[in-house]
Every structure is written in structure tokens, then in C-alpha cells.
Amino acid sequence: MGERHQPDKPNYRCIGALHISAITRFLKLMKLKDHAEIIREEVLELKAPVIPAIPCPFTSFLLSSAWSTDLSNPEDMYGSNTSYLPTELGTLDADNNDGITVIDEYVRTYYPETKDMEEVALNAIKGSHTQAQKNWLQEQIVMSILPAFDSIPLISIHKLAEAWPRFAPEETVIEVINESELPSLTDLALPPALELALRNGDNGDNEKFEQLLFLPDKARKIRDILRAQSPMPDAEVKHDKFIDLSGFHLTGEQVIAVLPQDGDVEILKLSHNDQVKIDTVEKVLTMYPSLRRLVLLKTGVTDDDVVALLKDKPKLFHRMEAFIHPAFMKGPDVSKIPSAFTFVSLQDFYFDGVPTSISLPYFTTGQIAQALTDFLGPLAAKNPYQFIDSVISGFPSRALMAACASQLRREGQPWGERLVSIVPNLAYAMMALPERQAWNFVLRDNLGEFLYGFVRCNSEAFDQYAKECEEVRSHMKDAENPLTQEEVDTKLEALGEAYTSRLYDIYDARDFFRQLELEGREPPAPEMLAQLSDIFSTLGSKKKGDYGFMQLITARELLVYIQTPLFLDM
């Protein structure tokens, strides 16, 4: 939360706000280097006099998914629904709020410190006092959370006053940072030290210079020094799986020239170079089928460029796990980029059955297998009832959004340290199905019994079906021979029966991944596919009426949703 009217040159303001608690998961994600560089770029873009309600969509999504979801253990998952608050909201403007509080005092307001832990622990072990057990467990949880803040400095009242001047005490004076014109000792020593490191090669000092890039203004100074080197030492462009050319004003041709022509590059960064255009990106994607992460922050590549390339040559993105560009960071209900894969949730008993869809503009088979394993794992666990309470009931499900936004985790990488590579698009309608030849995972939930399917729509058949449905409905307004509502419903039902088998191709999990291989995509890791197959087998082996029972959806069951006025009127 923060305010619109701040000092002429504010150094502190709110960039994201939520109305719930559980911060340690967010701190872990925020500290990851790949997340930090995106957050930093979003913050640096806050220069306009009028800042939008959600000025940093990636940071807000990271915060939201960390707050609402923990899928690290399917037997003990956590999920809740969240909604974004406008960041100009005052500190006392929302419901159920405590203003701004120090986290230690905030925790102790609700969970007073247990004085005699020895006695509480003893009673808890004996099981003689239920309240004593609760107190003991509560204190263990509190004490496990607070140490996460030990390395984080406490924000001062002056900085809070700058972000929220309207709510600051009258006597509070907002600090003004005086910028000295004299160079610091670090700036004076930086050029000779860096030049020496360049001449001597990588002797361990380069990592120290990388750390300086995170300090204000140091990245620009280091880049200026490197640009002054002529010729640039070969050691600066390492021919390995990770190459960072951020900040070097190389032309597109120079970028291609310095990159290894035959290699298995997996991560490439080309940020802070307005000479990098979409043609360079296309060449890079063609050169490196092994490329998994491409970072393009503040380049000459526009949102329209990215969308055009995605539409014209989608196969270039088939192995991309992370295409870091502002086009894919617009916010869950802002992005208008077409979908390559959509998770469609059909809920018969929540929100009057209005479907929600969460879509991705590109994907790998491994990411889809991982997302479904993370999301459906709790449903196949020993206690599946938590799934409906904390996952499905969200509108939309934040757990599903968090699961499908993650880059493929490497062996041993925990959920809490996943790399979030995109802000998924969100829609409150099922138009993803007829949109184009995109894949969809449809999950229909009716009081704990589920239907699912990997679905691809036949767009041509759907368009013809929609046209004929519209013609039938138009006869209700026929001046000479108008049809009654009952007659229209009968004709629509007949059309549905006629088109049912032509509108959709529906696959189970194994056949779906086989279809992806036929498209030229690489298969997911065998152990990952086996884990997902086990989940579907567990759910499919349940009896009808058991919670978590799941079976393949039919085309007729899908058609029920498309025949409602909600979709036919679109």
C-alpha cells in the first residue's frame, strides 16, 4: 500500500499489496538471483507521475503465489485465495487491517510468547492439556518463522513516511538523500581493479565484481569500463551453458558473432541493449535448440514483436522454459497474448459454474507434467479433502497459477526455490477452447468428483457449429415465423448431438504426451511422467462417490458448458 502524492523525488513507495500473511516463502523467492533482476527492473520503471494500481505485476504475482500456495508436500499442502489490492490504498483504508506494524510485534499481538515453555512442553508430551499442546505447537511455528527476518534491516519511520505521507505522524520529517558530487573510494578503485582482472582472466575476482552489479549505479560504471576495452578480451564471453551479454551495446550481428556457433547454451541474457531486435532473437532461438531461458529486459524487442514471432513460428518456443520479456509479465488479467496451453477449471457448484482459464503462451512437456503433478498431487494424497478447501475453491485457483508459472525444477530443487518465469494470463470464460489449435487441460469438479481431459478443439468445426447455432437463435426474431424458446432449445440440442464427435479431440495423460511427441516436442523425463501417471491411476481407481474420483470427460459433457448463453452470446 502506498500513496499517489509523494515527494518530488521519492526513494520509497509501495509496489505491491495483499491482505493476508505468511511472508517467509516470498522472502525465499525474492532472494533468488533470477527473480531479483526482474524485480529490480520493475522497480526502476516506476518513474511516471501516475503509477498504475499494480505497478509491478511480476513482483505482485510472486508475492501472491508465495502467500497463497505451498505445494512442497502433497500430504500437507497449503492453499488459499488472494486478490490484489491497489498500491495507492492507504494504510487504514482496507477492512480487517492493523495499519503498518513491525513483524515481531505483529506476530506477538496475535500469538503472545509462552512464558514457561518447559511446563508447556511437558504437558504437551503427556497430552494432559489440549490447550497446552496447542500453545506449544503454536510457539514452535512462531519461533520457526521469526529467524527468517534476522538478516533483514528494520525499515525506519522516515522511510515509511515517504511511502505514506498522509498517514505519517506530523512530527515525522521525510529524509532527503543528498547526492555528493565527489566520487567514492570504491568508484576510484574500480577501473584499475577491473582492468587488472580482465588481463589476468578469471582468477576468482570476477564473482566479486558480479556482486557489485547489484549496488546502485555500479552496474553502469562497470559496463562503461568494459565498453572502453578494445579489443574486448575473449574471456568475457564464456562458451558454456550460461552466457550473459547484458549491458553490452553490441549490434545484432555482433551478438551472433560472439556467441559460440556450436554449443549447448541453456541460459542467455541480452538485457539492456536496445540494438537487440526480434530478428536477433529469432536467430538465437534457431541456433540453440538447447536454450531454456532467454532474458530480454530493456531491449529493442517490443511486445508486438514477441507476439508476432510466437504466432508465426511457435516451434521456436517448444523448448523454452523461460522467455523473460515484459510481454509475458503484464499481469494475470491484462495480457492478451494467445494461448498455447490452457488450464480450464469447470466448477459446477462454485460461482454459478462460471469457468476460469489460466493460459500459457508457450510451454515444455516437462513443465506441464510438473505443474499437474504439483497441482493434483494433494488430491491423490491420503487426506484429499484439503484439496477442495484450499485449492479448487479459489477464484481463480492461485495454487494452479503458481504451479503452471514455474520453470522446470532441477533434481533436488525444492518447491520453495522454484523459478517463476511468467505471469499467467487469466480469463473468466472458456473461449480458450475454440480459440485455435491450442491444447487445454480441462478439469470439471462436482462436489469432489472430477472429470478431466486433455482437449484440442477443431476450430473449423466449432466455427460452423457456432454459425448454425446463431442462425437457429435468429429465428426467434423472425417477423413471419418466429420460433418459440422451446423450439430453439430443441434445435440447439439436435445440433449439439450432430457436432459432438467433431468438435473436440480428447486424450488421457499418456496419449496426450504421445501427441506432443508427434508434434516434435521432446518428451518429459520418464520418472516425471511415471509420477504423474501414478496420480491419475490413483484417482481413476477410486469408486464413484469417493472424494477424488476422476475419469475422462466426454465431448457431450464439454458441450454442456458451451451451449449455455454465457458462451453463445460471445
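Tutor: Helices here are DSSP runs of H or I with at least four residues, numbered from the N terminus. The model is predicted.

Student: Which helix supplies the largest share of the lining of the second largest pocket?

Tutor: The second largest pocket holds about 760 Å³ of space. Its lining has 31 residues, and those closest to its centre are Gln-370, Leu-408, Arg-409, Met-528 and Gln-531. Helix 14 (365-376) and helix 21 (526-540) each supply at least two residues of this lining. The largest share, six residues, comes from helix 21.

Student: How many residues in the lining of the second largest pocket are charged?

Tutor: Sorting the lining by residue class gives twelve nonpolar and nine polar residues. The remaining class, charged, has ten.

Student: Is helix 2 parallel or oblique to helix 3?

Tutor: Helix 2 (residues 33-44) and helix 3 (residues 57-68) pack with their axes 8 Å apart, at an angle of about 130 degrees. Angles of 65 to 115 degrees count as roughly perpendicular and those over 145 as roughly antiparallel. The angle therefore makes the arrangement of helix 2 to helix 3 oblique.

Student: In the contact of helix 2 with helix 3, how many residues are nonpolar?

Tutor: From helix 2 come His-35, Ile-38, Ile-39 and Glu-42, which meet Pro-57, Phe-58, Thr-59 and Leu-62 of helix 3. Among the residues of this contact, two are polar and one is charged, while the nonpolar ones number five.

Student: Are the rings of Phe-441 and Phe-454 stacked or tilted?

Tutor: The model has 20 aromatic pairs. In the pair of Phe-441 and Phe-454, the ring centres are 5.0 Å apart. Planes under 30 degrees apart count as stacked and over 60 as edge-to-face. The planes of Phe-441 and Phe-454 stand at 50 degrees, so the pair is tilted.

Student: In which strand does Phe-454 lie?

Tutor: This pair links distant parts of the chain, its members being 13 residues apart. Phe-441 belongs to strand 10 (residues 439-446), and Phe-454 to strand 11 (residues 449-457).

Student: Which helix gives the most to the lining of the largest cavity?

Tutor: There are five cavities of 30 Å³ or more, and the largest cavity holds about 80 Å³ of space. Its lining includes Glu-321, Tyr-362, Gln-367, Cys-404 and Ser-421, and divides into eight nonpolar, three polar and one charged residue. The greatest contribution, three residues, comes from helix 14.

Definitions and conventions
Residues numbered from 1 in each chain as written. Predicted model: local features only at pLDDT ≥ 70, side-chain atom pairs only at ≥ 80, totals over all residues. Heavy atoms only, no water. 1 Å grid on protein atoms, 1.4 Å probe; cavity = no way out; pocket = protein on both sides within 12 Å on 5 of 7 lines; lining within 4 Å. Points joined across faces, edges and corners; volume = space filled by probe spheres on them. Nonpolar A, V, L, I, M, F, W, Y, C, P; charged D, E, K, R; others polar. Axes fitted to C-alpha atoms, helices over the stretch in contact; angles between N-to-C directions. Parallel < 35°, antiparallel > 145°, perpendicular 65-115°, else oblique. Contact = heavy atoms within 4.5 Å. Phe/Tyr/Trp six-rings, centres within 6.5 Å; stacked < 30°, edge-to-face > 60°.
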